[in-house]
Amino acid sequence: MECSFPVINMEKLQGGERDKGMELLRDACENWGFFELLNHGISPELMDEVERLTKEHYRKCREQKFKEFASKALENGSKSEVTDMDWESTFFLRHLPVSNMSELPDMGDDYRI
């Protein structure tokens, strides 16, 4: 049995294929917890810039804190060094319905625009 990564085409969420598209979205949320969006209208340049700013912020402000946190968490278990860290999983930004940007005072001005 082959399981494929869920991919949601935003164009399918409108028109005659809406019900099928919404079912795929529901299934991805319930059974996977993540998915890839196609045809969402966000430019690749903007996504690249957000990734660049996020990685820069992580390196400058969060990386050492995360390593210290992970080391403490591992003290009761494995003594191995933490080397595999994702930039995406270290902080969460929310804009809607209410922004949490004020909770991240070390976030640079370029990121807030």
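A residue counts as partly exposed when its relative accessible area lies between the buried range, under 20%, and the exposed range, over 50%. The structure discussed here is a predicted model. At 39% relative accessibility, E17 falls between those limits and therefore counts as partly exposed.

E17 takes part in a salt bridge with K12, where the closest N and O atoms are 3.2 Å apart. K12 is likewise partly exposed, because its relative accessibility is 34%. This contact is one of 6 salt bridges found in a search of the whole structure.

E51 forms a salt bridge with K55, with 2.8 Å between the closest N and O atoms. The two residues sit 4 apart in helix α2, so about one helical turn separates E51 from K55. E51 has a relative accessible area of 28% and is partly exposed; K55, with 38%, is also partly exposed. The side chains of E56 and R52 meet in a salt bridge as well, at 3.1 Å from N to O. Here too the spacing is 4 residues within helix α2, which means that E56 and R52 are about one helical turn apart. E56 is partly exposed at 29% relative accessibility, and R52 is partly exposed at 40%. Elsewhere, salt bridges link E23, R26 and E30 into a network.

The aromatic residues come next. A pair of aromatic rings is described by the distance of the centres and the angle of the planes. The count for this model is 2 aromatic pairs. In one of them, the ring centres of F5 and F34 are 5.2 Å apart and the planes meet at 40°, so the pair is tilted. This pair links distant parts of the chain: F5 belongs to the segment before β1 (7-9), whereas F34 lies in the loop between α1 (18-32) and β2 (36-38), 29 residues away. The rings of W32 and F34 have centres 5.9 Å apart and planes at 85°, so this pair is edge-to-face. Together, the ring pairs join F5, W32 and F34 into a cluster. F5 is partly exposed, with a relative accessible area of 42%, F34 is partly exposed at 40%, and W32 is partly exposed at 33%.

Technical notes:
Residues numbered from 1 in each chain as written. Predicted model: local features only at pLDDT ≥ 70, side-chain atom pairs only at ≥ 80, totals over all residues. Heavy atoms only, no water. Phe/Tyr/Trp six-rings, centres within 6.5 Å; stacked < 30°, edge-to-face > 60°. Buried < 20%, exposed > 50% of the residue type's maximum accessible area, 1.4 Å probe, protein only. Salt bridge = Lys/Arg side-chain N within 4 Å of Asp/Glu carboxyl O.
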